[in-house]
Amino acid sequence: MPTLNLFTNVPVDAVIASDILKDATKAVAKIIGKPESFNQYRWLVQSTIAMYSCLLVLFSPVCDDLLNGSVPIAFAGTEEPAAYGELISIGGIGPSVNGKLSSTIAEILETKLSIDSSRFYIKFYDVQRSFFGFNGSTF
């Protein structure tokens with residue numbers, strides 16, 4: 001059930017997005033020890049995201065589109081390639097694995113989209129089972 005949301009100001013075509021999602025699915029599943037079939041990864045449409053050294057993020061309502069690069073992002077005062085991510089999971093994450101997750105996802109983004117790891121933030125959420133719904137119930 002891990003969910004990875006990624007936002008970037010780099011244009012992303014469907015082939016590259018598919019490659020990134022496949023790589024991220026395999027990597028996250030392996031690192032946190034959950035089957036790939038439980039994972040959900042999306043590129044979400046956002047109207048504006050502004051990122052600075054202090055990490056100010058402004059979100060608009062999420063649309064149902066699964067792919068959209070070219071999200072407006074200012075990071076440390078520039079609009080050079082940048083990304084922001086959120087990984088939400090019921091367990092499997094914490095101090096012992098978050099660094100590995102961060103570096104692995106940053107490496108994928110650098111390889112596929114030329115986003116330097118110094119221009120990528122990721123936030124981790126370890127949620128309780130009752131805080132995540134699926135199939136008309138909660139986990």
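pLDDT is the predictor's confidence in each residue, from 0 to 100. This is a predicted model: local features need pLDDT of at least 70, side-chain atom pairs count only at pLDDT 80 or more, and totals for chains, interfaces and linings use all residues. Residues are numbered from 1 along each chain as its sequence is written, and side-chain values use heavy atoms, with hydrogens and water left out.

**View 1. Confidence along the chain.** The protein has an average pLDDT of 76, and 74% of the residues score at least 70. Helices (H or I, at least four residues) and strands (E, at least two) are DSSP runs, numbered from the N terminus. Confidence is highest in helix 2, at a mean of 95, and lowest in strand 2 (residues 40-43), at 47. Over residues 39-68, pLDDT stays under 50. For that stretch the model has 92 contacts (heavy atoms within 4.5 Å) beyond four places in sequence. Where pLDDT is low, the predicted coordinates should not be read in detail.

View 2. Six of the six residues of strand 1 are buried (under 20% relative accessible area; exposed is over 50%, partly exposed in between; 1.4 Å probe, protein chains only), so the strand is largely enclosed by the rest of the structure. Thr3, Asn5 and Phe7 point one way from strand 1. Leu4, Leu6 and Thr8 point the other way. Strand 1 pairs with strand 3 in the antiparallel sense, over six bridges (DSSP must find at least two for a pair). Threonine 8 stands opposite alanine 83 in strand 3.

View 3. In one of them, the rings of phenylalanine 7 and tyrosine 84 have centres 6.0 Å apart and planes at 25°, so the pair is stacked. The pair links distant parts of the chain, 77 residues apart: phenylalanine 7 is in strand 1 (residues 3-8), tyrosine 84 in strand 3 (residues 83-89). Phenylalanine 7 is buried, at 2% relative accessible area. Tyrosine 84 is also buried, at 4%.

View 4. Beyond its neighbours within four places in sequence, isoleucine 105 is in contact with Leu4, Leu6, Val28, Phe120 and Ile122.

**View 5. Asparagine 98.** This residue lies in helix 2. Asparagine 98 is buried, with a relative accessible area of 18%. Leaving aside its neighbours within four places in sequence, asparagine 98 is in contact with Ile93 and Phe124.

View 6. The side chains of lysine 112 and aspartate 23 meet in it, at 3.5 Å, N to O. Lysine 112 is in helix 2 and aspartate 23 in helix 1, 89 residues apart. Lysine 112 is partly exposed, at 28% relative accessibility. Aspartate 23 is partly exposed, at 30%.

Technical notes. Rings of Phe, Tyr and Trp (its six-membered ring) pair if their centres lie within 6.5 Å; planes under 30 degrees apart count as stacked, over 60 as edge-to-face and the rest as tilted. A salt bridge is a side-chain nitrogen of Lys or Arg within 4 Å of a carboxyl oxygen of Asp or Glu.
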